[in-house]
Amino acid sequence: MRKTSLIAVAGAFALATSLGACSQKTQDAASDTASSAAEDVATTASDVKDTASTSADAVGDAASKAVDDAGAAADKAAANAKVAADKAKVAADKLGEGVKQGAANANATLHNEPTTKAN
């Protein structure tokens with residue numbers, strides 16, 4: 001964009017210096033053309049800035065959404081892990097009770113005693 005501006009300025013300067021030998025009408029037309037070209041460059045630069053700003057906003061919004069989505073997925077995974085851990089604890093407790101009961105039954109059988117529920 002700076003290169004385009006420099007080219008426009010250099011062109012306008014060259015045009016202005018060569019206008020000394022031209023008629024007033026030609027000078028006015030050249031001046032109008034240079035002014036129009038400068039306005040076109042300024043408008044294009046403004047459009048490029050606006051497009052870049054809009055694009056940056058869109059990228060920022062997408063990144064923010066991705067972070068939010070990742071956070072939500074992590075929260076869901078943590079909740080699922082807690083549910084799984086709770087189920088594993090219940091299963092381990094039942095297994096422990098079964099082992100204790102089996103040990104009590106084996107001990108009672110070894111000593112020829114009636115089987116009772118283990119504590």
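Colleague: Is Lys-89 buried or exposed?
Modeller: Lys-89 counts as exposed, because its relative accessibility is 52%. Exposed means over 50% relative accessible area, buried under 20%, and partly exposed in between (1.4 Å probe, protein chains only). This is a predicted model, where local features need pLDDT of at least 70, side-chain atom pairs count only at pLDDT 80 or more, and totals for chains, interfaces and linings use all residues. Residues are numbered from 1 along each chain as its sequence is written, and side-chain values use heavy atoms, with hydrogens and water left out.
Colleague: OK, and what does Lys-89 form with Asp-93?
Modeller: A salt bridge, with the closest N and O atoms 3.0 Å apart. The term covers a side-chain nitrogen of Lys or Arg within 4 Å of a carboxyl oxygen of Asp or Glu.
Colleague: Where do the two sit?
Modeller: Both are in helix H2, 4 residues apart, about one turn of the helix. Helices (H or I, at least four residues) and strands (E, at least two) are DSSP runs, numbered from the N terminus.
Colleague: How many salt bridges does the structure hold?
Modeller: It holds 4. Among them is Asp-69 with Lys-65, at 2.8 Å between the closest N and O atoms.
Colleague: New topic: how far apart are the end C-alpha atoms of H2?
Modeller: They are 126 Å apart, which agrees with the 129 Å that its 87 residues (24-110) should span at 1.5 Å a residue. That expected span is 1.5 Å times one less than the number of residues.
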